[in-house]
Amino acid sequence: MKLIVEIDNEMHEVEVTRDGSRVEARVGDRNYTIEASEPEPNVYLLKNEGRIFEAFASPAVSGSSQQIRIGATEFEATVIDPKRLRGAKSDDEHAAGRAELKTAMPGKIVRILVSEGDAVLKGDGVIVVEAMKMQNEMKAPKDGVVSEIKVAESDTVSAGDVLVIIE
């Protein structure tokens, strides 16, 4: 699973593979093999190279940061799953009314796949955003018509910016 973790306004690519309690993690160009367990909710024991660390992570709420404590060190982290950036949702939260496609993290507009006035179906590609050297195609969350495109190709965008409105 590939994730992006933001700590102190710095983005880190993290790739995690889990096999039981064994976790292989690649953070940037560093690799770690960790034995991990969760003896109680949000408390983790991490064993690495003969050392044991206790970590606490505040309960995760989608799209918000978590407080992390490892030993005496505390920091705030936001975990972003790039697959969720693609905008395909299984629920019908936008079935009626206006839907805004927003960025989950800072990036650059690579390609706009639609024009204002175009009809789109739920799941159609709408716009491609590059973040952390990964291109993510954001998809229409509902059937509708593209009423407004708020960005242009090669624009730089911030987390939470509205890119396209579908009605």
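## Exposure, and what sort of model this is

Partly exposed here means a relative accessible area between the buried limit, under 20%, and the exposed limit, over 50%. Lysine 150, at 43% relative accessibility, therefore counts as partly exposed. Keep in mind that this is a predicted model.

## Lysine 150 and glutamate 148

Lysine 150 has a partner: its side chain meets that of glutamate 148 in a salt bridge, at 3.3 Å from N to O. Glutamate 148 comes in at 31% relative accessibility, so it is partly exposed too.

In total, the structure holds 6 salt bridges. One of them pairs glutamate 15 with arginine 26, with 2.8 Å between the closest N and O atoms. Glutamate 15 sits in strand E2 (residues 10–19) and arginine 26 in strand E3 (residues 22–27), so this pair ties together parts that are 11 residues apart in sequence.

How exposed are the two ends? Glutamate 15 has 27% relative accessibility, which puts it in the partly exposed class. Arginine 26 is at 29% and is also partly exposed.

Glutamate 100 and arginine 98 bring their side chains together in another salt bridge, 3.3 Å from N to O. Arginine 98 is partly exposed at 44% relative accessibility, and glutamate 100 is partly exposed with a relative accessible area of 30%.

This pair doesn't stand alone.

Note on methods
Residues are numbered from 1 along each chain as its sequence is written. This is a predicted model: local features need pLDDT of at least 70, side-chain atom pairs count only at pLDDT 80 or more; totals for chains, interfaces and linings use all residues. Side-chain values use heavy atoms; hydrogens and water are left out. A salt bridge is a side-chain nitrogen of Lys or Arg within 4 Å of a carboxyl oxygen of Asp or Glu. Helices (H or I, at least four residues) and strands (E, at least two) are DSSP runs, numbered from the N terminus. Buried means under 20% relative accessible area, exposed over 50%, partly exposed in between (1.4 Å probe, protein chains only).
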